Amino acid sequence: MKRALYEQLQAATAAGASAAVVTRLADGAQSLFDGERWEGGLELAGEQRAAVHRMLVANRSGMLAGAENLFVRSYARPPRLIVVGAAHISQFLAPMAALAGFEVIVIDPRRAFASAERFPGVTLIDAWPDQAFERLKLDATSAVVTLTHDPKIDDPALIAALGSPAFYVGALGSTRTHAKRAARLTEAGLGDKVGRIHAPVGLDLGGRAPREIAVSILAEVIQVRYRGEAA
Amino acid sequence: MRRREASRGGAGDDELSASRIYHEAIKALATAAIGHGALAAPDGRALVDNPLCGDRVEMEVNLSGGRIAALAHQVKGCLLCRAAASVIGKHAAGADPGDIERISMGVSQMLEKQAPPPAGWQELDAFVPVHGHRSRYRCVELPFQALLAALRAAGEPR
């Protein structure tokens, strides 16, 4: 590995970011992908880049499918689930996601809801989501789900998440609620990205209780993490 | 996934009352965001929030001869909160803490008791329809509380 690339990988992992290194076995040419940018001398086709991206999100290493001799090594941090809204569903979702291996962060500027009593053992940030995201630096292994039911708080979170490399963005609300939300976000200039939002959020498991909705959200996040958006 | 949201009251009622409170003048004031920003060297600063809805107002003031020489605010909040901060941005310069105290009281009386809006700050008329929507009073009052707190901070020895 070239020194410059190694130092970039060191810097990325030391900063808590995720990165993947692709090596062409024939000649040792390499490139590094940090979820947003590519560095290094090995040129990959668009399709191959997308495949490496999916492997990084899933923290998988191995031969790149469909390529002759490209080896991918993923250095991914544990996946993060960032829950916007210290709501009833969040009280179930946070511990479930922690058990499933996610680093869970709950954000809500409404201090009355974002209390340690309601979320024991959970990282709570009582700030506005766009400000909290600046500190958290959403990356390729981050998932964001908005659950406040208040567009005043959900919208800025979605705007920030859609501008980030987060692998999953979901928003609670009915189809009707989401249509209005999509119109607002389109007006805010995000028309090309609104389609990334999973809404209504979660897999259709049929349950409606908060704890069941939490399961469906967690299931969808895991599905997208391993299968990609096409799933 | 198909799921209906639990409705809090009739959706129709919500929309009707929302259109009464969030009329054009309120939207225009909120969008104008008069006074939005930060001061280079504020004499007083305060951050107040509403823990139930998440609205946050950061207010900074500079005083000169006991009167407001400059102010700046940054609001994370609903339309009502942003609109009220905008009215402050338009009118507060030149006022002394006593004036602001009086205007702030006048705003609360207007909201709670349907008193006429305080004289001199004409744009406060836009908030008259908020009377009766008790849960929203604090949205309008929050920027005034932030300004009063910033003025108190400016008066304290540093």
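What follows are my entries, grouped by region.

**Ground rules.** I am working with a predicted model, in which local features need pLDDT of at least 70 and side-chain atom pairs count only at pLDDT 80 or more, while totals for chains, interfaces and linings use all residues. Residues are numbered from 1 along each chain as its sequence is written, and chains are lettered from A and ligands numbered from 1 in the order in which they are written.

**The sheet in chain A.** I took helices (H or I, at least four residues) and strands (E, at least two) as DSSP runs, numbered from the N terminus. Two strands pair if DSSP finds at least two bridges between them. I then checked strand 9 (residues 142-146) against strand 10 (residues 168-171) of chain A, and found four bridges in the parallel sense. One partner I noted is A:Y168 in strand 10, which bridges to A:A143.

**Loops around the strands.** For exposure I counted other C-beta atoms, placed from the backbone, within 10 Å of a residue's own: 20 or more is buried, 12 or fewer exposed, and in between partly exposed.
- A:K137 lies in the loop between helix 4 (129-136) and strand 9 of chain A. Its phi is near 50°, a positive value in a residue other than glycine, and A:K137 counts as exposed, because it has 12 C-beta neighbours inside 10 Å.
- A:H149 sits in the loop between strand 9 and helix 5 of chain A. I noted a positive phi here too, of about 70°, although A:H149 is not a glycine. A:H149 is partly exposed, with 16 other C-beta atoms within 10 Å.
- A:P200 belongs to the loop between strand 11 and helix 7 of chain A. The peptide bond joining A:A199 and A:P200 is cis, with omega about -10°.
- A:R208 is in the loop between strand 11 and helix 7 (210-227) of chain A, and is exposed with 12 C-beta neighbours inside 10 Å.

**A:P151.** I found A:P151 in helix 5 (residues 151-162) of chain A. What does A:P151 contact, leaving aside its neighbours within four places in sequence? I get A:R181 and A:R184, a contact being C-beta atoms, placed from the backbone, that lie within 7 Å. A:P151 is partly exposed, with 18 other C-beta atoms within 10 Å.

**Chain B against chain A.** I find 13 residues of chain B in contact with 17 residues of chain A. On the chain B side, five are nonpolar, one is polar and seven are charged. Here Ala, Val, Leu, Ile, Met, Phe, Trp, Tyr, Cys and Pro count as nonpolar, Asp, Glu, Lys and Arg as charged, and the others, Gly among them, as polar.

**Two helices in chain B.** The axes of helix 2 (residues 24-32) and helix 3 (residues 79-91) of chain B come within 7 Å and cross at roughly 70°. That makes helix 2 of chain B roughly perpendicular to helix 3 of chain B (65 to 115 degrees). Among the residues making the contact are B:I26 and B:L29 of helix 2 and B:L80 and B:A83 of helix 3. By class, the contact residues of these helices divide into eight nonpolar, one polar and two charged.

Notes:
Contact = placed C-beta atoms within 7 Å. Axes fitted to C-alpha atoms, helices over the stretch in contact; angles between N-to-C directions. Parallel < 35°, antiparallel > 145°, perpendicular 65-115°, else oblique.
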